[in-house]
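Colleague: Could we go through this model together, taking a few buried positions and then the packing of the helices?

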Amino acid sequence: MKLKKQVTVCGGAIFCVAVFSLYLMLDRVQHDPARRQNGGGNFPRSQISVLQNRIEQLEQLLEENHQIISHIKDSVLELTDTGAVSPSGQLPFRSANGSWVLPFDGRPTFLSVKPQDCQFAQGRRGQTDLQMLDVYSLLKFDNVDGGVWKQGFEITYEPGEWDREPLQVFVVPHSHNDPGWIKTFDKYYTDQTQHIFNNMLVKLTEDPRRKFIWSEISYFAKWWESADMHKQEAMRKLILGGQLEMVTGGWVMSDEANVHYFAMIDQLIEGHQWLEKNVGVTPRSGWAVDPFGHSATMPYLLKRANLTSMLIQRVHYSIKKHFASSRSLEFMWRQAWDQKSGTDIFCHMMPFYSYDVPHTCGPDPKICCQFDFKRLPGGRVNCPWKVPPRAVVEANVAERAHLLLDQYRKKSKLFRSKVVLVPLGDDFRYDKALEWDQQYLNYQRLFDYMNSHPEMHVQAQFGTLTEYFTAVYKANNVPQGARPPDYPVLSGDFFAYADREDHYWSGYYTSRPFYKSMDRVLESHLRGAEILFSLAVAHARHTGMEGRYPTSDYTLLTDARRTVALFQHHDAITGTAKENVVIDYGNRLLHSLQGLKRVIINAAHFLVMKNKDVYRFYQTEPFLETDDRRATQDSLPQRTLIELDQSGPRYLVLFNPVEQDRLCVVTVLVNSARVRVLTEDGQTLPVQLSAQWSSASQMSAEVFQVCASFMVRLPALGLAVFHLYDSADTPMTLRSETLLRLSGRGQTAHAVDPLPLRSQTADPQPFYTSTQSLTLGFSGTTGLLESIRRKDDPQELKVQIQFVTYGTRSSKDKSGAYLFLPDGKAKPYSQKEPPVVRVVEGPLFSEVVAFYQHFQQTIRIHNVPGVDGLSLDVTTMVDIREQSNKELAMRLVTDIQNDDTFYTDLNGFQMQPRRRFLKLPLQANFYPIASQAYIQDSQHRLTLHSAQALGATSLESGQLEVILDRRLMQDDNRGLGQGLKDNKKTANRFRLLLESRSTGNKVVDSGPTSFPSLLSHLTSAILNHEVIALPVLPKKRGIPPLHTFAPFTGALPCDFHVINLRSIQHQDTHSPSPYTALILHRKGLDCGLETPNPGFNCTTTEGQLGLSSLFRNLDLQLLQPVSLSLMYSSPPMANDSSVSLEPMEISAFRLKLR
């Protein structure tokens, strides 16, 4: 049969199917009430509104059908254009122009984004008084000597300023306890932290006027678990009585640069849930004195968790000085994308250098140090300013009180109210009973003197953080958390941080990238395990099999939640702890990862069983194997080998952790080149075989192993079953064509039958590889990317990948774990020998691997329709263990005219526009990226998506660069006492996405906001949540029937992201309660970029989502909006209500599913 005839028949058949499906859909609209989206739950509908609703549904369906038909038309035209005539009538095959033709997926997909869902990105933002990009433009960033306050200015006041309204002073004792830094978490607890709690119980009880604040719940929970009931009750009494305040209440004081918002939320929930269960207290104020720079995501999350106020400390000294001079250190922090004021939270910025006592009572550290009574003569710590503290006695109390009051008054001049906050503490303070007496007794004498002398016009006392904030609101006559009159509104963030001179803390954005990467793998597994566990338990309850399901897995979930939470600490994920502490974190991460794989395996086992009656769980006999294994905490994962034999199929369960259907390429390791892959319903899939390699030019020959890649369609958050056979008849299994480009100097290629391998001497001419969506050009000399051409673009765009290295200064101050102090601009990476370059091509993917001494880079493109085929999969394997004082960076060089503007994400949650400032040193222009950075002009946007947190910048127009690893031989004088010498072989994973601006949409963001496109959001999701491939272990008794598990009845709107579906703890036991927390995020979209077909049905709904019929075969028995950390509940909604989210909104709901 001629091709045109084939195409006509095929196209006609599909058209008929599409028309018939439209008929069925229309029919369903009339009869299926579940499709209706009900606005308010109990709202009585009139006949007209029902009719109107039906018409809207029909319009939507017609639009979807129109998209399906045009998609079919495109597919048919594409087949015709390629001149594709299969010599054997079999698919896949290679057409005349070199591209591969694959079997038609058979499920047409459509994209329907409502215009209303695009307006948010274009909308006007409310003006804020302080926009941080503008502040950066305004400041000189000079470092003028300010006298006693070196980084500030002289502060003066009139003696009578407090005559009418006395100064209120709140001295807030605190102890900053790092959950791991110089010592491990456990060692710190044993040596110091437990003693702080034990002394606290005794010393706070001695005098009800004494106060204290605590923030790290990880330590508090450890103490609580070992305390007896009397101690617990005494501690509870101190908290509920207001003497001890839990501030922020997270598991740790989270870093804010490298952390992903999933983990920021999770560690906050873990701390708050623990407090709710054990103490019954809800934190009101945030306290972040030590993270190295502050993100705008944190105020949003604290606001959503119902906190009313927050405090920050580590901000660039020039910004502190600028804010102090305009009395703007207290402000309402608003999200840049907020069009009103719903995200505002009151924020206090500490004005001076540090949170220790010398830098908190006022501007003069020499005086403040004299009021740190732990430094009294005879102790271990003293004052560097050579004037020691003196015990307060009757003879000196007047002089001491006046000296201290002068500092309090000067500090208060930097703020707008006559209330002053004076933290009193430092790292691991108050671990000895003596210090409690030294501080509390001496200060109480000072307070008693001040308060008994009305002519001093001061009221001084110990206080908690919330007592301070309450006094500020009261002085301004506004309710808790409201904006006081004339206080400024600020938007933006506080990166990069410098504490003195040009010492920018931009090195830790990349430090120890191995663990930054491992953290994200663990986060994806935790999210996947939470979702599958919640669904499995709900289905077990629904079928009355709760008793047979291993709900004891909940303890593994709790352990992993706490490990992920612990690692968000600002000395853990940052890579700024001692080497032995890093190993301790690594072991915890690996242990939890293994536990989560067990949770996933057990949930998947239950959910894919076709007949639940035959389900049996045996602790010692897992049903499924893990997808990969890590030998040690610092080794890279190795894929599990699936051993095929003639006796029958091996079954494979694939888990898609993304909330949308997914069309993608999956690769597994098998022991036979005769592999055949079938879907659950018996359809044979095209398979591409490729080699395992033992070196750049040698195929692995120890045990026969081959990578089998195949294209699958997986249900949203679901599990699909595939059958793998060792079969002689495999026309759909094709071998990759591999070419080694060698320099010709004694290098040879070693192939293993039956995988073909050619080699040739490399020449300098560029070479190309392509798929149906992309054509990539590579340098013949370097083997690195040179250009990208998208299918619809007439010309290719220069996108050159270069590798460069930074050294460090020769002067006394050098780069270390925290600081980036380069010795000038980066130098091109060079090596004597030309690289070996391997080019692999086949029907499903093509890849180019360039082998260099300190890294190898793999660029792979997938020949599949939709999201997976529209970006480049980039993996850079880095090993700089032979280097000394070097930092390796990957730089993209393009023709994009972005001038000095680029965009980096904050915590994977939002984009922050950046500007490169020539007035700032090179290291000041680096910013953290947790998930992406992009540059753009009126034609294109190029996004580098990252699967791990790193430091990034754009140092010249058209450039985007990211630091991959840093090896530094010395300490940078910030307390660590070590360099960074424990580098690992690290896989840095990226997706590179080139997008075109749609016609008539050439406006480039110029304001304080920018948003990724829908395609960009989806690309980030597939990069961060890889498919998990779980082989079913062979059983002597045979495998019971398995089937696909698809949890949803329909598609979720594709601008919605399921952050988590988290089983809520039982009040009394270590098991799950009947309730689950659903946490949703509605993404903000830039619709000004062309949106290709995503490969699945994608619609938006103006933020509406009906939950009552969303979960297949489960009943929704409760739908209750709750605060982000689940502590505050609103009245339950009617079960058939729709929930509604604004763009960028994160909302949480308590569900009861069964």
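**Buried positions and helix packing**

Modeller: Ser-491 lies in strand 14 (residues 489-491), where strands (E, at least two residues) and helices (H or I, at least four) are DSSP runs numbered from the N terminus. This is a predicted model, in which local features need pLDDT of at least 70 and side-chain atom pairs count only at pLDDT 80 or more, while totals for chains, interfaces and linings use all residues. Residues are numbered from 1 along each chain as its sequence is written, and side-chain values use heavy atoms, with hydrogens and water left out.

Colleague: Does Ser-491 count as buried or exposed?

Modeller: The classes rest on relative accessible area, with buried under 20%, exposed over 50% and partly exposed in between, using a 1.4 Å probe and protein chains only. Contact means heavy atoms within 4.5 Å, and, leaving aside neighbours within four places in sequence, Ser-491 is in contact with residues including Thr-128, Leu-130, Arg-334 and Ala-336. Because its relative accessibility is 3%, Ser-491 counts as buried.

Colleague: How many residues apart in sequence are Asn-1060 and Phe-262?

Modeller: Asn-1060 has its place in strand 47 (residues 1056-1065) and, with a relative accessible area of 0%, is buried. Not counting residues up to four places away in sequence, Asn-1060 touches Phe-262 and Asp-266, among others including Arg-527 and Glu-530. The C-alpha atoms of Asn-1060 and Phe-262 are 8.1 Å apart in space, whereas their separation in sequence is 798 residues.

Colleague: Which kind of crossing does helix 8 make with helix 16?

Modeller: Helix 8 (residues 261-278) and helix 16 (residues 553-567) pack at about 120° with their axes 9 Å apart, the axes being lines fitted to C-alpha atoms over the stretch in contact and the angles running from 0 to 180 degrees between N-to-C directions. Angles under 35 degrees count as roughly parallel, over 145 as roughly antiparallel, 65 to 115 as roughly perpendicular and the rest as oblique, and helix 8 and helix 16 are therefore oblique to each other. The contact is made by residues including Asp-266 and Trp-274 of helix 8 and Arg-561 and Arg-562 of helix 16. A crossing is left-handed if the near helix is turned anticlockwise from the far one by less than a right angle, and right-handed if clockwise; helix 8 passes helix 16 in a crossing that is left-handed.

Colleague: How many residues in the contact of helix 6 with helix 8 are nonpolar?

Modeller: The axes of helix 6 (residues 217-226) and helix 8 come within 10 Å and cross at roughly 35°. The contact involves Phe-220 and Trp-224 of helix 6 and Trp-274 and Leu-275 of helix 8, among others. Ala, Val, Leu, Ile, Met, Phe, Trp, Tyr, Cys and Pro count as nonpolar, Asp, Glu, Lys and Arg as charged, and the others, Gly among them, as polar. On that basis the contact of helix 6 with helix 8 divides into 1 charged, 2 polar and, as nonpolar residues, 6.

Colleague: At what angle do helix 5 and helix 13 pack?

Modeller: Helix 5 (residues 185-206) passes helix 13 (residues 433-451) in a right-handed crossing. Among the residues that make the contact are Ile-196 and Met-200 of helix 5, and Trp-436 and Tyr-440 of helix 13. The axes of helix 5 and helix 13 are 9 Å apart, and their angle is about 40°.

Colleague: How many residues of helix 18 are buried?

Modeller: Helix 18 (residues 1014-1024) is mostly covered. Its buried residues include Leu-1014, His-1017 and Asn-1024. Of the 11 residues of helix 18, the number buried is 11.
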